[in-house]
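This report describes one protein model for a reader who is new to structural work. Please keep the sequence and the structure in view while reading.

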Amino acid sequence: MQLATSRLPRELTRGTQAEEMDTGPGGIYSRLEDAGYKPSRYTELVKTRMPSREETTALQLGAGVPVLVLQRVAYDSNGRPVEVNEMTLTGDRYELLYEIPAD
């Protein structure tokens, strides 16, 4: 239902469980927090487009089904980017809901 790739600064992950296939309980964000880089805010960019041939096959999409492409950047409390996650989501199986504070 989705393809996802995370990229993290090597200086934050070198020699840690974050570099393993199994990142352990809580996943990559728990490993960042363990190292003192807890994400404190995120930005997201969402686009729609038609899938590539490879994406159509990998996601088992029917003809004419678009994908959502979401790029999320996680920042620590100092404003440093600690992760970039790029996701390709099946357009007919996902809905995105955002809550935005008014203040």
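Which residue in β4 is the bridge partner of Leu 70? The bridge partner is Met 87.

## Basis of the report

The model is predicted, so residues are cited with care: local features need pLDDT of at least 70, side-chain atom pairs count only at pLDDT 80 or more, and totals for chains, interfaces and linings use all residues. Residues are numbered from 1 along each chain as its sequence is written, and side-chain values use heavy atoms, with hydrogens and water left out.

## The sheet

Four strands form an open sheet in the order β1-β4-β3-β2, and the pairing is antiparallel. The strands β1 and β2 (39–49) stand at the edges with a single partner strand each, so one side of each has no neighbour in the sheet. On average, neighbouring strands of this sheet are turned by 15° against each other, direction ignored. Here, strands (E, at least two residues) and helices (H or I, at least four) are DSSP runs, numbered from the N terminus. Two strands pair if DSSP finds at least two bridges between them. Axes are lines fitted to C-alpha atoms, for helices over the stretch in contact, and angles run from 0 to 180 degrees between N-to-C directions. In general, strands of a sheet pair through backbone hydrogen bonds, either parallel or antiparallel.

Strand β4 is joined to β3 by nine bridges and to β1 by six; both pairs run antiparallel. Elsewhere, Leu 3 has Thr 88 of β4 as its bridge partner. The hairpin of β3 and β4 has four residues between the strands, and Gly 79 takes a positive phi near 85° there.

## Buried and exposed residues

Seven of the ten residues of β4 are buried, so this strand is largely enclosed by the rest of the structure. Buried means under 20% relative accessible area, exposed means over 50%, and partly exposed lies in between (1.4 Å probe, protein chains only). Thr 90 lies in strand β4 and is buried, with a relative accessible area of 0%. Leaving aside neighbours within four places in sequence, Thr 90 is in contact (heavy atoms within 4.5 Å) with Met 1, Leu 59, Leu 61 and Pro 66.

Ala 63, in contrast, is exposed at a relative accessible area of 84%. This residue is found in the loop between α3 (53–58) and β3 (67–76). The C-alpha atoms of Ala 63 and Thr 5 are 25 Å apart in space, and the two residues are 58 apart in sequence.

## Salt bridges

Side chains of opposite charge can pair when their charged atoms come close. A salt bridge is a side-chain nitrogen of Lys or Arg within 4 Å of a carboxyl oxygen of Asp or Glu, and by this rule the count comes to seven. One of them joins Arg 7 and Glu 86, at 3.3 Å from N to O. Arg 7 lies in strand β1 (residues 2–7) and Glu 86 in strand β4 (residues 81–90), so the pair ties together parts that are 79 residues apart in sequence. Arg 7 is partly exposed at 46%, and Glu 86 is partly exposed at 33%.

Another salt bridge joins Glu 55 to Arg 49, with the closest N and O atoms 2.8 Å apart. Glu 55 counts as buried at 11% relative accessibility, whereas Arg 49 is partly exposed at 35%.
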